[in-house]
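I opened the file and kept notes.

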Amino acid sequence: MIPTIYCIHLLFDHLAKAKKIEYKCIQEMKLRNSDLEWADIIYLGRFDSWYEQKLAERMKAAGDRTVYYIDDDLPNVPQEIKCSDYYGRADIKKHIRACIELSGAILTPSPILLQKYTTVQRPGILFQSAAFLPGTYTPHQEAETIKIGFAGSLDRSNDLDAMLSQTLKQVKAKYKERISLQFYGAIPSFAKEVDAVCIPYEANYLKYRQKLNELNWDIGLAPMPDTPFHACKHYNKFIEYGSSAIAGIYSDVSPYLSIPQRETVGRFCKNTPEAWMEAICTEIEDNAAREAHREMAWDICLQQFSLDHVTEKLLEAQEECLSKGSNQKIKLRRLPLIGIKLANIWFRGSGFIKQNRFKTIQMIPRIMGEKLQGEKAKKELGA
């Protein structure tokens, strides 16, 4: 379960534990007709495959209330982003758009995606991410080494290389041992040049959050490219940094333009080396302002992004959205899912072979060569 799905799962799970809803989380290939009959509302988590489109079609035919969850502009992933190899495919784009059109509503944390993919017939549910496992604010002494870090998934390494390489080399040269640079998850190519501490990525999101608390950073960096695709993202980085009592330095672009009380929680700068240099140096030098940013960010996250607050707002938005249409199911005989499950296995297998046939052919000589070398080594050892 990727973090973006896991986080929305945790919100519904919290509501279920509070006995405000009944909830099941099911991997799509394990879905049964009995699950569909049980559910009043079915959330489709970033559906993007042939099989998932077929599921959405059957749900639509049965009159199920379905809500498509989207937190990235999946049909418009730029080529420079690693996952574009998948999301850039024409068939995947077609499946995503079909699943959205088949859905009765949209769930998203992005106002831009809400406006882009909702219609009168397909209303939207806007929600906030939550501050999972918030840390504790403790004042840092001015004489201590200032810890500056970036936390993010592995695919953010390119952004660090493109946007902060020159700046962080200059910052390290200027402040030397007065600062410690750390990268958690995404490791840029220049990490060794700035004597950075590199922490491996943690795939379990709750463990990721717990580790971020333990790192005890003073300043968290949040570069964001200024593109239409990135503008559709949510300001998760603020919630992560803020709930760990970290003062943030953010690109002055969307989605960070929407951070609440943003001038009190950190600094915002243009995406130029000069602007980033000025912002980082000012935050390092001004201990009082840095501590105020840390405390205010932490307080806002605890007050406005707590699990109780966020899930209550989500439940209210869901009820308001779904009240606009009928919740009555059409009672009809559902077709068995085994047929499309088997077809999906066939399509995925044949698609993999087709996509990798040239790589497979190229690997045969290498595999045969390794086998011959192994046989030769065995004979020599036997001799």
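My entries on the two topics follow.

I noted that this is a predicted model, in which local features need pLDDT of at least 70, side-chain atom pairs count only at pLDDT 80 or more, and totals for chains, interfaces and linings use all residues. Residues are numbered from 1 along each chain as its sequence is written, and side-chain values use heavy atoms, with hydrogens and water left out.

Entry on terms. I took helices (H or I, at least four residues) and strands (E, at least two) as DSSP runs, numbered from the N terminus. Two strands pair if DSSP finds at least two bridges between them.

Entry on an open sheet of 4 strands. I read its order as β1-β2-β3-β4, with parallel pairing. β1 (41-45) and β4 (124-126) are at the edges with a single partner strand each, so one side of each has no neighbour in the sheet. I found 5 bridges between β1 and β2 (65-69), and Y43 has V67 in β2 as its bridge partner. Helix α1 (3-17) lies across β1, β2 and β3 (105-108), at about 135 degrees to β2. For such angles, axes are lines fitted to C-alpha atoms, for helices over the stretch in contact (heavy atoms within 4.5 Å), and angles run from 0 to 180 degrees between N-to-C directions.

Entry on an open sheet of 6 strands. I read the order β7-β6-β5-β8-β9-β10, again with parallel pairing. Its edge strands are β7 (197-199) and β10 (266-269). β6 (179-185) pairs with β7 over 3 bridges, and Q182 stands opposite V197 in β7. Helix α7 (157-175) lies across β5, β6, β8 and β9, at about 155 degrees to β6.
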